[in-house]
Amino acid sequence: MVEYLTEAIILDKRPDKNLDAVFTVFSRNLGKVYGKATSSRKITSKLASHLEPGTLAKIRLARKSVGDNFRIVEALAEAKRSDPETIRFLMFLDKMVPASAKDEVLFMFCREVIKDPEFSEKMAYRGLLKIIGLDPDKACCAVCGSRKIAYFSSQDIMFLCRQCGKKRYGY
Ligand SMILES: [Zn+2]
């Protein structure tokens, strides 16, 4: 059995067989990984409240050997921010971050987003994009080249100005 103790942000939760659930977590030490928690959907589960999306928690992950799936065996919530804007931001983070790629700088930034309610939605997105190498301050519209960026499309990984965004996506 290999065990890892790490801080992690819970990004997503999907039901699995019986009362189990599979969680997507962005961890400090391992990057984005998936972990199963047995019986975590039981109302009496001690883990459940510590593993809600939007939670920053200390978690213990275990697996039989490298290459096996993780199980979440322990979780202790440190902070939580689960308003709709933050959940949307975490879904965006999930989309932009590849699995199993450790990124401590990005983790520490997202940790602050969860812990500090002063972090606005705009600051969160700008910070995330900057860290993954898509700096909105240096970007220009992918269609017309304007420097006045208004949108970022996570689908197409490109920035757009207000006019072109409206045309393309009807924002
Ligand atoms: Zn444009």
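Where does Ser 100 lie? Ser 100 sits in the loop between H1 and H2, helices here being DSSP runs of H or I with at least four residues and strands being E runs of at least two, numbered from the N terminus. The model is predicted, so local features need pLDDT of at least 70 and side-chain atom pairs count only at pLDDT 80 or more, while totals for chains, interfaces and linings use all residues. Residues are numbered from 1 along each chain as its sequence is written.

Most residues other than glycine have a negative phi. Ser 100, though, has a positive phi, near 60°. Ser 100 is exposed, with 11 other C-beta atoms within 10 Å (exposed is 12 or fewer, buried is 20 or more, partly exposed is in between, with C-beta atoms placed from the backbone). Ile 157 also has a positive phi, near 50°.

On to the core. A nonpolar core is a set of buried Ala, Val, Leu, Ile, Met, Phe, Trp, Tyr and Cys residues joined through C-beta atoms within 7 Å. The largest one has 30 residues, of which Ile 9, Val 25, Phe 26 and Ile 72 touch the most other members. Strands E1 (2-15), E2 (21-27), E3 (31-37), E4 (55-63) and E5 (70-80) each supply at least two of its residues, as do H1, helix H2 (104-115) and H3. H2 gives the largest share, five residues. Apart from this core lies another, of six residues, including Cys 141 and Phe 152.
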